[in-house]
Amino acid sequence: MRKVDLLFAEYSKSHRNATNKFIHWICVPLIFWTILGFVSLVPAPHFCASYFGCISIISLIMMILITLFYIRLSFLIAMIMLIVMLIMEHFIYLANISSGKQSWIIYLSVFVITWIFQFIGHKIEGKKPSFLKDIQFLLIGPIWLLGFILKKTGVRY
């Protein structure tokens, strides 16, 4: 069995309850977005592109590192997640522009609220979050959702 499948199987062990899964479908992408949002606030040079917005060099480096981690597991998943991260970066840019120096409040609020729901979901599930066992599961959550979509659509990853 491939490493990605082993990680998905391990992650699935603490995500069987329908309510917990539903919470994860909403909260995991939002938590991922807020982390990228926090990173975007670190003062650094930015690259800007028409119709996209700007992305900081720090955010770009982080996205490259995350993509390299995902490539080790699945090239297709890595490329899709790179596109997802770029889309998230566009919305982060819009949030940063519209909220100015107060955008950290948006990221912090969404981060705290979504983690509260995550822990509620795991309380309902009756199992601890996977990342408490292994920190890499913080990056597995988003691709576990993507893997589910790919399986349902018959796409081999």
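Start at Ser130. Ser130 sits in the loop between α5 (103-125) and α6 (137-152). Helices here are DSSP runs of H or I with at least four residues, strands are runs of E with at least two, and both are numbered from the N terminus. Is Ser130 buried or exposed? Its relative accessible area is 10%, so Ser130 is buried. The cut-offs are under 20% relative accessible area for buried, over 50% for exposed, and partly exposed in between, with a 1.4 Å probe and protein chains only.

Before going on, two notes on the source. This is a predicted model: local features need pLDDT of at least 70, side-chain atom pairs count only at pLDDT 80 or more, and totals for chains, interfaces and linings use all residues. Residues are numbered from 1 along each chain as its sequence is written, and side-chain values use heavy atoms, with hydrogens and water left out.

Now the helix before that loop. α5 has 23 residues and runs 33 Å from its first C-alpha to its last, close to the 33 Å expected at 1.5 Å a residue; the expected span is 1.5 Å times one less than the number of residues. Its buried residues are Ser103, Tyr107, Thr114, Trp115, Gln118, Gly121, His122 and Glu125. What do they pack against? The buried residues of α5 pack against α2 (18-40), α4 (75-99) and α6. After α5 comes Gly126, with a positive phi near 85°.

Next, the aromatics. Searching the whole structure gives eleven aromatic pairs. Rings of Phe, Tyr and Trp (for Trp, its six-membered ring) pair if their centres lie within 6.5 Å; planes under 30 degrees apart count as stacked, over 60 as edge-to-face, and the rest as tilted. Take Phe38 and Tyr107: the ring centres are 6.0 Å apart and the planes are at 65°, so this pair is edge-to-face. Phe38 is in helix α2 and Tyr107 in helix α5, so the pair ties together parts 69 residues apart in sequence. Tyr107 is buried, at 0% relative accessibility, whereas Phe38 is partly exposed, with a relative accessible area of 29%.

A further edge-to-face pair is Phe111 and Trp115, at 6.3 Å centre to centre and 65° between the planes. Both lie in helix α5, four residues apart, about one turn of the helix. An α-helix has 3.6 residues a turn, so residues three or four places apart point the same way. Phe111 is partly exposed at 26% relative accessible area, and Trp115 is buried at 16%. One aromatic cluster takes in Trp33, Phe38, Tyr107, Phe111, Trp115, Phe119 and Phe131.

Last, the whole chain. The protein chain has six helices and two strands, in the order α-α-β-β-α-α-α-α from the N terminus. Its radius of gyration is 16 Å, close to the 15 Å that the globule rule gives for 157 residues, so the chain is as compact as a globular protein of that length. That radius is taken over C-alpha atoms, and the rule is 2.2 Å times the number of residues to the power 0.38. Of the 157 residues, 41% count as buried. Among contacts between residues at least 6 apart in sequence, 70% join residues at least 24 apart.

Key: Contact = heavy atoms within 4.5 Å.
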